[in-house]
Amino acid sequence: MKKFRFPLRPVAVLREHHQSRTREAFAAAVHTFVQAEESLAKKRHERQDLETVMHDGRRATFRAADEISFWDAYRRVCDEEIASERVVFAARTAMEESRQKYLEAHRAVKVIEKLEQKARTGHRLEVEREAQNESDELAGLRVARRLAASTVASS
């Protein structure tokens with residue numbers, strides 16, 4: 001039986017390597033996105049806490065100096081929240097782009113795997129056909145020997 005050799009094996013290796021690199025890039029992008037969302041959640045929580053403090057402070061006494069510093073802090077936190085939202089948006093976009101690249105690389109690997117599977121099936125069928133032909137040939141030779149031996153014995 002001859003050994004199976006897939007002619008596109010080097011292409012498969014390159015595509016698998018490319019797929020692993022894109023998978024790692026996608027994982028890094030997901031990690032960055034999750035960190036950006038956590039940062040945004042932290043900023044939103046900080047803003048809500050500051051709003052609560054400002055609202056509760058108005059019930060008691062009004063101090064202009066405190067209000068000014070609270071509003072400055074509130075504006076700063078709101079600006080940071082907006083910046084965090086932009087970072088989340090950019091991270092989501094980068095994550096989707098890297099996801100698409102990973103899916104393309106994965107499809108390319110699957111194409112090669114299907115081609116290899118078809119080639120293996122064809123090789124197996126060819127080997128089985130050759131084995132069947134050899135078996136038929138041997139059976140024919142045995143029958144021919146028996147017929148030759150029976151004709152020699154009867155004469």
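Student: Is R47 buried or exposed?
Tutor: Before anything else, please note that this is a predicted model. R47 counts as buried, because its relative accessible area is 17% and the cut-off for buried is under 20%.

Student: Which helix is R47 in?
Tutor: R47 belongs to helix α1, which covers residues 9–59.

Student: And what does R47 touch, leaving aside its neighbours within four places in sequence?
Tutor: With those neighbours set aside, R47 has contacts with Y74, V77, C78 and E81.

Student: Let us take E81 from that list. Where is E81 found?
Tutor: E81 sits in helix α2, which runs over residues 64–154. A relative accessible area of 7% makes E81 buried.

Student: What does E81 touch, not counting residues up to four places away?
Tutor: The residues touched by E81 are L40, K43, R44 and R47.

Student: New topic: how many aromatic pairs are there?
Tutor: The count comes to 3 aromatic pairs. Among them are F4 and F6, whose ring centres are 6.4 Å apart and whose planes meet at 15°.

Student: Why is the pair of F4 and F6 stacked?
Tutor: The angle decides it: planes under 30 degrees apart count as stacked, and the angle here is 15°, so F4 and F6 qualify. F6 is also buried, with a relative accessible area of 8%.

Student: What about W71 and Y74? What kind of aromatic pair do they form?
Tutor: W71 and Y74 form an edge-to-face pair, with 5.5 Å from centre to centre and 85° between the planes. In general, a pair of aromatic rings is described by the distance of the centres and the angle of the planes.

Student: How many residues apart are W71 and Y74 in helix α2?
Tutor: They are 3 residues apart in helix α2, so about one helical turn separates W71 from Y74.

Student: Are those two buried or partly exposed?
Tutor: W71 is partly exposed, at 36% relative accessible area. Y74 counts as buried, at 18% relative accessibility.

Student: Now the surface. Which residues make the nonpolar patch?
Tutor: L8, V11, V111 and L115 make a nonpolar surface patch of about 280 Å².

Student: Where does V11 lie, and is it buried or partly exposed?
Tutor: V11 lies in helix α1. With a relative accessibility of 32%, V11 counts as partly exposed.

Note on methods: Residues numbered from 1 in each chain as written. Predicted model: local features only at pLDDT ≥ 70, side-chain atom pairs only at ≥ 80, totals over all residues. Heavy atoms only, no water. Helix = DSSP H or I, 4+ residues; strand = E, 2+ residues; numbered from the N terminus. Buried < 20%, exposed > 50% of the residue type's maximum accessible area, 1.4 Å probe, protein only. Contact = heavy atoms within 4.5 Å. Phe/Tyr/Trp six-rings, centres within 6.5 Å; stacked < 30°, edge-to-face > 60°. Patch = residues over 30% accessible without salt bridge, like charges linked within 9 Å, V, L, I, M, F, W, Y side chains within 5 Å. Areas by Shrake-Rupley, 256 points an atom, 1.4 Å probe, with all protein chains shown as cover. Salt bridge = Lys/Arg side-chain N within 4 Å of Asp/Glu carboxyl O.
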